[in-house]
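This briefing covers one predicted model.

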Amino acid sequence: MEADRLETASPNPRQRHPVSWLKFCRDTALLAYQSLGVVYGDLSTSPLYVYKSTFVGNLHHSQSEEAILGVLSLIFWTITLIPLLKYVFILLSADDNGEGGTFALYSLLCRHARVGLLPNQQAADEELSAYKYGHSSHGVRMSQLKTFLEKHTKLRTALLLVVLFGACMVIGDGVLVPAISVLSSMSGLQVRAKNLYDGEVVILACVLLVGLFALQHYGTQKVAFMFAPIVILWLLSIGSIGIYNIIVWNPRVYRALSPYYVYKFFEITGKDGWTSLGGVLLCITGTEAMFADLGHFTPVSIRVAFIGVIYPCLVLQYMGQAAFLSKNLSNIPTSFYNSIPSKISTGLLGYDSASFLLILTHSCVIISTEPVFWPVFVIATLAAIVASQAVISATFSIIKQCHALGCFPRVKIVHTSSWIRGQIYIPEVNWILMVLCIAVTVGFQDTTLIGNAFGIAFMSVIFVTTWLMAIVIIFIWQKRIILAFAFLLFFGSIESFYLSATVMKVPQGGWVPIVLSGVFMLVMYTWHYGTRKKYLFDLQNKVSMKWILDLGPSLGIARVPGIGLIYSELVTGVPAIFSHFVTNLPAFHRVLIFVCIKSVPVPYVSDEERYLVGRIGPKEYRMYRCIVRYGYKDVQKDSDDFEDRLIISIAEFIRMEADDSQSSSYESTYDGRMAVVGTQARSSLSLVPYEQDEAMQSTSSKPPTLQSLQSLHGRESPQPNKRVRFELPEGHMDLTVKDELMDLIEAKDAGVAYVMGHSKIKARKRSSFFKKLAIDIGYSFLRKNCRGPSVALNIPHISLIEVGMIYYV
């Protein structure tokens, strides 16, 4: 992130101070090194299975040197146009405050046009420091497109479905990448162990997969230090082997870099060549990680790593395999492992002593009579694990973002790193992925079939990204429509060509990602649909301010000491559970705080901007509203001091309100304005917290039995039980403010109770069949089997009060 700041501060590198320039280069090199182990694991392991997956089916009968060179030409131009041109030079510039991926593009669109379906947007959200992006003014044509998109709910729903479809395909990658990577690396054993059957290879792959998923709860940071060296060693190995094979087997293979060989390939193979594109596109699988994992690195570091290391090593490896296969057509099923030099090749015998010395100088591998197969096999297996780890972590991040968007049921999210906030672990999803991954491995037992499924999932993701990027070019970059259309036409036509070829592989394993994405998409949209209907019901049935004012300061009931935290999804108004509670129980707490946990369309929200505090009703009512805002990549960690932060924020709001009321700009309202309150600047707060050991409090008024029990508990407890109390700061203070703060302190000392709605959602009797199916069966099933809201919010069970209600939506 420091590199980002340096880059932003001075756009021209030549104008930087020498020290800053050296620090920028050092930070960029360090981030580029780290990105090799996180971003490029999947992309760098693709040479294990590309040629094998390409020459299957009818193309098996067209194996010739011309066909091999044609496939090499296709691979070269595919890597050049999509990862290099599209992602490295274009998409990496479309970040959302340093974050990338499909949801980052959707978040940008949600901020510049109201395309979100959940009506919880607030003007205060636009004041977030991470909210602003691009130019502030829009042209007339841009405004017309924005208005058109905002008016049509069906278009916004279609946009959401497209984003969810891309997210579900990424989850499909999380199932398929570990299966194909580990199985491909394990299949190399059959090159040396001829008696090893396919079933035994599958068993070994499953054992490795179980171990991989079992280690996920430790977090990526525990083993991250070894990821980058493994990938670097792997890339240097395959690049060196590629140089060796080019020189030994076919030095003139470089001719295939001409696009003429693409034309010649289709001329020779015809329709069979078109259907083989499903195997060719596997050479760019993992490209999406360059954009999706942008938040952990910088665009410059990812560009440096790809252009300086990844691109040349992959091109050399594919050229080397093509050179080897052009002279050894029978070795296509195990082309990678058979192309590894195990001894001085007989192909060297035709060279003179000068050529032989040149080979030794430039091949970067030690050619000896000692085998190099096993070291490369070990490195390939480790690289496959790295590739699997990267896509599993990306799957966790995607599901976290879906959850923040309101499109995924509540699951347990564990923050596995204390200093890298993006590293998370989701236990339920981890075990589901493991079961699905093992099922795919055992069910197919063939990397070609898994590759067919993988190709459909990958092409669907990048195709969705292309469409979203075209919209971003218009709305965010504010370029002409013709430029967005040219981008969509150029890259969309290439990707459509590949996607059409993968569709032909649906009966041959390609149905797997379609089924998986269909199931996950049904879950996501059903949850989002039910959540939206519930929010609209709350919005339409919220308590009117007139009803509250008619109750008076006592709310028509007894006000008991303490604080009541009433959780609601509403950002405005009083929820219906409050009136339901008041009309059924004779007492309520002296201080009421309506708490709303809200996700905003920005990646992260700083602690200084997290709390949005306001007042409900007159001051003597002692009713407040607090909206706690999180970004779509923020992790809501279990915080023991949430209550204290909340009290401090409200106290700071009371002080700010008193200061503003003295100016003419302040207008008092019964549903007061919201104010952003920072929790870091503690010195300006009206309350001073201090810790007090409860064991030091006076116990003379307590019975002897209770005192003995407390002393026994104190001896058994390793740490004393402490709590935080508040006191008023010294100095002059307005009497009204002082009374309100004293009420707040006394209520906090009396205790805090959490009030939540325990709702049951049902469709109205006159609803359609599909709505009843979605609400009464689908949404209700998901609510019963996901984590409860009190558990997800880490609310102590002993302080929880649930208010039962039935929602007819």
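**A buried threonine**

Thr 502 has 2% relative accessibility and therefore counts as buried, the cut-off being under 20%.

- Thr 502 belongs to helix H22, which covers residues 481-503.
- With neighbours within four places in sequence left aside, the contacts of Thr 502 are Gly 278, Leu 281, Gly 455, Ile 456 and Met 459.

**Nonpolar cores**

- The largest nonpolar core holds 163 residues, and those touching the most other members are Tyr 40, Tyr 51, Ile 75, Trp 234, Phe 306 and Tyr 318.
- Helix H8 (residues 153-186) contributes the most to this core, at 17 residues.
- Tyr 40 touches Ser 35, Met 290, Ile 302, Ala 305, Phe 306 and Ile 310, when residues up to four places away in sequence are not counted.

**Helices H11 and H16**

- The axes of H11 (residues 227-249) and H16 (residues 299-327) come within 7 Å of each other and cross at roughly 40°.
- H11 and H16 are therefore oblique to each other, and their crossing is left-handed.
- On the H11 side, the residues making the contact include Leu 235, Ile 238, Gly 239, Ile 241 and Trp 249.
- On the H16 side, they include Val 309, Ile 310, Cys 313, Phe 324 and Lys 327.
- By type, the residues of the contact between H11 and H16 are 14 nonpolar, five polar and one charged.

Note on methods:
Residues numbered from 1 in each chain as written. Predicted model: local features only at pLDDT ≥ 70, side-chain atom pairs only at ≥ 80, totals over all residues. Heavy atoms only, no water. Axes fitted to C-alpha atoms, helices over the stretch in contact; angles between N-to-C directions. Helix = DSSP H or I, 4+ residues; strand = E, 2+ residues; numbered from the N terminus. Parallel < 35°, antiparallel > 145°, perpendicular 65-115°, else oblique. Left-handed = near helix turned anticlockwise from the far one by under 90°. Contact = heavy atoms within 4.5 Å. Nonpolar A, V, L, I, M, F, W, Y, C, P; charged D, E, K, R; others polar. Core = buried A, V, L, I, M, F, W, Y, C linked by side-chain atoms within 4.5 Å. Buried < 20%, exposed > 50% of the residue type's maximum accessible area, 1.4 Å probe, protein only.
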